[in-house]
Amino acid sequence: MPERVCLWMQSVACYFIFQSALLHFLPEGSYKKYIQFYMGLLFIWVLIVTGGKLLGAEETIFEMPDMELQEETESQKEWEQKAYDAESRYWQEREEEVDKP
């Protein structure tokens with residue numbers, strides 16, 4: 001747990017260093033407010049991602065798409081098998097109809 005807190009603190013510190021450097025080197029003008037807006041969005045993202053790691057939710061969040069993809073793949077295979085079986089039955093029935101005198 002202390003490692004996660006240190007990671008969180010490092011991420012937030014890196015963000016503030018990056019923000020300070022970026023805003024320091026920007027010339028005064030109309031773009032500064034846009035940069036501050038996007039830096040605020042980036043800060044929210046940093047807090048969410050590192051906060052998720054801090055709380056241990058990272059594994060759950062990143063495994064969810066894999067579980068959904070696996071379920072979709074299994075469902076797709078089932079439907080493909082049903083379609084293949086239906087097509088096979090169709091062609092068997094056609095052959096039986098042709099073979100009948």
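Trainee: At what angle do helix H1 (residues 2–25) and helix H2 (residues 31–55) pack?
Mentor: This is a predicted model, in which local features need pLDDT of at least 70 and side-chain atom pairs count only at pLDDT 80 or more, whereas totals for chains, interfaces and linings use all residues. Residues are numbered from 1 along each chain as its sequence is written, and side-chain values use heavy atoms, with hydrogens and water left out. Axes are lines fitted to C-alpha atoms, for helices over the stretch in contact, and angles run from 0 to 180 degrees between N-to-C directions. With their axes 9 Å apart, H1 and H2 pack at an angle of about 170°.

Trainee: Are H1 and H2 roughly parallel or antiparallel to each other?
Mentor: Angles under 35 degrees count as roughly parallel, over 145 as roughly antiparallel, 65 to 115 as roughly perpendicular and the rest as oblique. The angle here is about 170°, and therefore H1 and H2 are roughly antiparallel.

Trainee: How many nonpolar residues does the contact of H1 with H2 have?
Mentor: Contact means heavy atoms within 4.5 Å, and by class Ala, Val, Leu, Ile, Met, Phe, Trp, Tyr, Cys and Pro count as nonpolar, Asp, Glu, Lys and Arg as charged, and the others, Gly among them, as polar. Beside six polar and three charged residues, the number of nonpolar residues in the contact of H1 with H2 is 17.

Trainee: Which residues of H1 are buried?
Mentor: Buried means under 20% relative accessible area, exposed over 50%, and partly exposed in between, with a 1.4 Å probe and protein chains only. What covers the buried residues of H1 includes H2. The buried residues of H1 are Val12, Tyr15, Gln19 and Leu23.

Trainee: With which residues is Ser11 in contact, leaving aside its neighbours within four places in sequence?
Mentor: Ser11 lies in helix H1, and its relative accessible area of 22% makes Ser11 partly exposed. In H2, the buried residues include Val46 and Thr50. Neighbours within four places aside, the contacts of Ser11 are Val46 and Thr50.

Trainee: How far apart are the end C-alpha atoms of H2?
Mentor: The expected span of a helix is 1.5 Å times one less than its number of residues. H2 has 25 residues and should therefore span 36 Å, and the model agrees, with its end C-alpha atoms apart by 36 Å.

Trainee: What pattern does the protein follow along the sequence?
Mentor: Helices (H or I, at least four residues) and strands (E, at least two) are DSSP runs, numbered from the N terminus. There are three helices and zero strands in the protein. Read along the sequence, the pattern is α-α-α.
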